[in-house]
Amino acid sequence: MTKLLRIDMASDQEYMAKAIQLAKQGLYTTSPNPRVGCVLVKNDEIIGQGFHIKAGQGHAEVNAIADANKRGNLTKGATAYVTLEPCSHFGRTPPCSQGLIHAQVARVVGAMTDPNPAVAGNGFDMLRAAGIEVVDNCLAEESAKLNPGFIKRMSMASANNKPMPYVRLKMATSLDGRTAMQSGESQWITGPEARAEVQKIRAQSCAIICGADSVLIDDPAMNVRIHAKASSDIRQPLRVIIDSQHRVKATANIFTHAGKVMIASPHKPEWHIDSDLCEVSYLSAQATTSASDSNQQVDLTSLLQDLASQGINEVLVETGAKLAGAFIEQDLVDELILFTAPTLLGSDARPAFNLPFAKMDQQIRWHWQDVRMVGNDLKLVLKRSS
């Protein structure tokens, strides 16, 4: 029996909104691939739908076609709503444009062109060449929010620039902008709801960067701890420790949790950290020497470029004031996330950012993106002013 999902006389925007909601189901799993959703519609009824779950598995269009076939629905003459231009090249899976052609759809509505140089309009052209009507730029802005890192990385590659991931910097602060007591004690400034929200931000990140000081003082796990249907549903991000002086020891908590840990340093240490629970690698990062510090430090721009070359789309920086300030001062932060608790830690407590400015013209302004309550704390999302 044919199974249909009816949305009475819906517009292209409404069906695309449905596809965007589907794409969000892959928020924590698709990396390094983009999050994509697809809805197949015929006679104002949804006959199939799907989203991309994980790299190496079926793309959204393939899953939507399979869903329609499973329901006993014919895809010939249908309209496909896709949140990103269907791919036109062979990767781990065949091109989705060819799959839509084989499915004999009559029309494809796309949210946006794929910035990947390997696609970049070729998918739409392939569909048009097969006689399929193509409509582009349907809810493009909303769709772009699904994949800020993929879009940034691919757009930079298209412009012949060294690709960089999308960088979020997260801090938990008091009302007076402090992150820890002078002793380093910091647990807990924010409430359980805010800490649960941080887990979601970690889960959608491809990599988490912290500094050696954070590992030594807080001894964090830096892993994702959220409830899922199965443990296999949780993709643990790459955890990157910037440790220029090789101070982190094998006994650190970060090495006692499953996943991958990378230690970035200007020089590979003579010793090696072995762990039965996680895979530890080393990155001989490009070095820089600041005027105020004669010790060689990891060049942050080069580090981000190295991560992008590994398919890292989105990076979350969770670290102390010195490294956080360096990321900001070097204009490497795309999005600033502050969880502010209704408490005061006092003037002797540690600041959120080490930015020793002396003049007003040194200030760095940001644009508000979102402000909301999370439990009894405020979540502030900002982007840097251009």
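Analyst: Helices here are DSSP runs of H or I with at least four residues, strands are E runs of at least two, and both are numbered from the N terminus. The model to which these names apply is a predicted one.

User: With those names in hand, where is D331 found?

Analyst: D331 is found in the loop that lies between α10, residues 321-329, and β16, residues 335-340. Its phi is positive, at about 55 degrees, although D331 is not a glycine.

User: What makes N160 count as exposed?

Analyst: A residue is called exposed when its relative accessible area is over 50%, and N160 has a relative accessibility of 72%, so it counts as exposed. N160 is found in the loop between α6 (148-158) and β7 (166-173), and its phi, near 60 degrees, is a positive value in a residue other than glycine.

User: How do you know what kind of peptide bond joins S31 and P32?

Analyst: The omega angle is about 5 degrees, and the bond joining S31 and P32 is a cis peptide bond. As for its place in the chain, P32 lies in the loop between α1 (12-23) and β2 (37-42).

User: Which residues of α2 are buried, and why are they placed on the same side?

Analyst: The buried residues of α2 are A60, E61, A64, I65, D67, A68 and R71. They cover an arc of only 155 degrees around the axis, and therefore they sit on the same side of α2.

User: What makes both faces of strand β15 covered?

Analyst: Buried means under 20% relative accessible area, and in β15, residues 314-317, the residues E314 and L316 on one side and V315 and V317 on the other are all buried. In a regular strand, side chains alternate between the two faces of the sheet.

User: How do you know that β15 pairs with β9, and how many bridges join β7 to β15?

Analyst: Two strands pair if DSSP finds at least two bridges between them. Strand β9, residues 207-211, has three bridges with β15 and pairs with it in the parallel sense, with I209 standing opposite V317 in β15. Four bridges join β7 to β15, and these two strands also run parallel; here Y166 has E314 of β15 as its bridge partner.

Terms used:
Residues numbered from 1 in each chain as written. Predicted model: local features only at pLDDT ≥ 70, side-chain atom pairs only at ≥ 80, totals over all residues. Heavy atoms only, no water. Buried < 20%, exposed > 50% of the residue type's maximum accessible area, 1.4 Å probe, protein only. Arc of directions from axis to C-beta.
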